[in-house]
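Please examine the sequence and the three-dimensional model below. The paragraphs that follow lead from a helix and a pocket to a set of strands and the loop beside them.

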Amino acid sequence: MLVAALYDIHGNQPALDAVLGELLHSNADRVVIGGDVVPGPMPHETLERLCNLDRRVDFITGNGELAVLSEIGGDDAAVPVQHRRAIRWNAAQLSPSDRKLLGTWPATLQMHIEGIGKVLFCHATPNSAHDIFTRLTSDDVLRSLFGHVDADLVVCGHTHMQFDRSIGKLRVVNAGSVGMPFGKPGAYWLLLGPQIEFRRTRYDLQSAAARIRATEYPDAEVFAAQNVLMPPSEEKMLKAFAKT
């Protein structure tokens, strides 16, 4: 079984379409969507695209979905003030069936992949979609987050930067971000089985930025400029995450 892991799409449908174009030629017969499909500039369109793939798709929830669901439920107290307008806009774009779908996604998913073994998919850590750690996080902290996990491999996302770490016999990899990467522009994802392949798909950034700017997403200009055309460097984001 060949599995594609796509994380942190953030409503960037042009980036998703580029990955799917590459994925469809990879013979992957299962796709895991690792959370944070939303929020972003094209939330409904992105969900619709994923739900109409011609192969099995499994979803897990991310902190982005939790924020949008909280807004739908009338409670945005946990959403930072600077993000509330964008979250409200995303909630308003979703159809009733979209909202229902988001509410059904589990926090984790487990499966066996030949050549790798038992694989656990989560958005950040198995216990929380909000935990932050990077390739620079100490081994002691990682043991506290993953020491209890019964798996050969954990696949996570959330911090939008690919990495490969080991904690004893447990391997932890970050899939990176399809739609909102930190580092070189592009769409980042994983292909699993029997090896672990870190992928970066190039796509037409100028066209994608133009499509994003044409939406009514409140953060469209910032998203196009700073998350598509010229994402922040890994070094900058590693320093920012270290403070948290």
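In helix α3, the buried residues are Asn 63, Gly 64, Glu 65, Ala 67, Val 68 and Glu 71; buried means under 20% relative accessible area, exposed over 50%, and partly exposed in between, with a 1.4 Å probe and protein chains only. The model is a predicted one, in which local features need pLDDT of at least 70 and side-chain atom pairs count only at pLDDT 80 or more, while totals for chains, interfaces and linings use all residues. Residues are numbered from 1 along each chain as its sequence is written, and side-chain values use heavy atoms, with hydrogens and water left out. Helices (H or I, at least four residues) and strands (E, at least two) are DSSP runs, numbered from the N terminus.

The buried residues of α3 pack against α4 and α5 (96-102). Just after α3, Gly 74 adopts a positive phi of about 85 degrees.

Helix α3 also contributes to the largest pocket, giving the most to its lining with five residues. This pocket has a volume of about 1000 Å³. It is lined by 31 residues, and His 10, Pro 39, Asn 63, His 83 and Met 180 are those that lie nearest its centre. Two or more lining residues come from each of α3 (63-72), α4 (84-93), α8 (220-229) and α9 (234-242). On a 1 Å grid over the protein atoms alone, a pocket is an open set of points where a 1.4 Å probe fits, with protein on both sides within 12 Å along at least five of seven lines, and lining residues have an atom within 4 Å of a point. Grid points are joined across faces, edges and corners, and the volume is the space filled by probe spheres set on the points.

The strands come next. An open sheet of five strands runs in the order β3-β2-β1-β9-β10, with mixed pairing; two strands pair if DSSP finds at least two bridges between them. Its edge strands are β3 (56-59) and β10 (196-201), each of which pairs on one side only. Strand β9 (residues 187-192) pairs with β10 in the antiparallel sense over six bridges, and Leu 190 stands opposite Phe 198 in β10.

Glu 197 also lies in β10 and is partly exposed, with a relative accessible area of 34%. Beyond its neighbours within four places in sequence, Glu 197 is in contact (heavy atoms within 4.5 Å) with Trp 189, Leu 190 and Leu 191. The side chain of Glu 197 makes a polar contact with that of Arg 199 at 3.0 Å. A polar contact is a pair of N or O atoms within 3.5 Å; within protein, one must be able to donate a hydrogen and the other to accept it, and residues adjacent in sequence count only if both atoms are side-chain atoms.

Which backbone oxygens lie 3.2 Å from a polar atom of the side chain of Gln 162? One belongs to Ala 175 and another to Arg 199. Gln 162 itself lies in the loop between β6 (153-156) and β7 (163-167). Leaving aside neighbours within four places in sequence, the contacts of Gln 162 include Asn 174, Tyr 188 and Phe 198.

Strand β7 has a covered face, formed by Phe 163, Arg 165 and Ile 167, and an uncovered one, formed by Asp 164 and Ser 166. β7 pairs with strand β8 (residues 170-174) in the antiparallel sense over five bridges, and Asp 164 stands opposite Val 173 in β8. The two strands form a hairpin with two residues between them, and Gly 168 in the turn has a positive phi of about 65 degrees.
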